[in-house]
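Let's walk through this protein together, from the overall fold to one pair of helices. Please have a look at the sequence and the structure first.

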Amino acid sequence: MSSIENQPVKRRSFARTLVLILCVNASSAFAVLVLNWLMTTRMTSSQLVSVLITSLVYANCCGTIMALVMPRVAPRCARQPFPLSWLYFLSTLLILSAIGCLIAVFILTRIGIFPAAHYWTYFRSTLVVAIVIALIIGVTKYLYEGLKHRLEVTTRKLQLKELEEERARKLAVEARLSSLESRIHPHFLFNTLNSISSLIQEDPKLAERLVERLAALLRFSLDSNQTSTVPLGREVKIVNDYLEIERARFGDKLHYSIDVPAELQAIDVPPLSVQTLVENSLKHVIAARREGGEVRITASAAGGRVNIEVRDDGPGFTGDAIKAGHGLDNLQARLVALFDDRAALELSRRDGFTAVTISLPHTEAAALARV
């Protein structure tokens with residue numbers, strides 16, 4: 001936090017600084033004029049004019065120096081522990097008062113308010129006036145700059161805290177996604193290896209081709225660890241490889257079709273999301289029934305959304321049947337982590353098919369990987 005407190009504050013524009021200096025100087029000169037009027041029982045108009053001119057000269061000489069120097073000195077003094085802060089401040093104030101008084105007396109002797117022969121006499125006698133003006137301006141600037149500096153430090157601390165909280169939320173989402181994906185990959189690999197192992201004895205050439213598909217699947221699985229989304233076209237290719245492996249296992253029991261328009265293949269989706277839905281259909285429909293079944297994979301865009309649907313002709317299920325920590329539950333959690341409430345996993349039953357649909361916002365799905 002100390003590094004935040006030591007950072008220089010942003011200065012206001014020269015025009016605003018000049019206006020502020022003139023206002024403070026005029027107020028100080030008026031205060032000195034009122035003080036002289038109260039302390040003196042009788043003052044002629046010429047004396048009032050002389051006092052006003054003198055006050056204005058002192059105020060502008062001392063005040064300008066104060067206004068230029070104190071914004072830089074006050075924050076440094078304010079950061080010192082008491083009483084060192086006030087000791088440094090008052091020492092600076094006296095030095096600046098003396099410099100301002102020297103300049104003011106020089107100007108007043110030049111315009112004839114003070115005789116030039118008594119320069120040092122008037123300097124000593126009016127130093128008190130310079131100190132009073134310096135105290136008025138200096139203390140005001142000291143308090144103002146001190147409060148301003150503390151306000152800016154507090155603002156920076158709040159901004160830093162917000163950035164840290166945002167970073168923590170992002171890291172939490174990434175950790176959550178990694179955790180969810182780590183549960184998917186071993187399960188996916190286990191099922192795929194089982195499919196290949198059953199073919200090694202029966203058809204070595206087919207098993208060899210399936211090993212090549214498995215290599216592609218593993219490469220995709222490893223690459224997907226580096227990003228939270230993949231193009232739908234790549235996901236569909238992996239799904240096709242997976243289905244070909246499973247078709248070698250199930251034979252005529254498995255029928256599938258894939259219909260994904262070319263214009264939607266660039267849409268970004270969570271890796272292995274469609275594969276998770278396909279795997280769920282194969283596990284609960286194809287493998288569970290002697291006659292096997294059919295799986296249909298389609299994608300469409302409507303109403304500003306992209307719908308990726310996996311249908312099977314199984315008996316169907318409801319959301320209550322989704323087990324915590326398993327495929328569909330993990331997929332739902334990944335969608336929430338990536339899209340919040342802008343994506344959904346929807347279940348439906350129509351025309352004898354059970355459909356599980358991933359619904360994504362069209363524009364956000366396409367831009368997600370670049371955010």
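A residue is called buried when its relative accessible area is under 20%, exposed when over 50%, and partly exposed in between (1.4 Å probe, protein chains only). What you see is a predicted model, where local features need pLDDT of at least 70, side-chain atom pairs count only at pLDDT 80 or more, and totals for chains, interfaces and linings use all residues. Residues are numbered from 1 along each chain as its sequence is written, and side-chain values use heavy atoms, leaving out hydrogens and water.

The protein has 10 helices and 7 strands, taken from DSSP runs (helices H or I, at least four residues; strands E, at least two) and numbered from the N terminus. Of its 371 residues, 39% are buried.

Now find helix α8, residues 273–286. Here 12 of the 14 residues are buried, among them V274, L277, L282 and I286.

Which helix meets α8 here? The axes of α7 (residues 232–250) and α8 come within 8 Å and cross at roughly 20°, the axes being lines fitted to C-alpha atoms over the stretch in contact, with angles from 0 to 180 degrees between N-to-C directions. That makes α7 roughly parallel to α8, a label for angles under 35 degrees. In this contact (heavy atoms within 4.5 Å), α7 contributes residues including V239 and F250, and α8 residues including V278 and I286.

Terms used. Expected span 1.5 Å × (residues − 1). Parallel < 35°, antiparallel > 145°, perpendicular 65-115°, else oblique.
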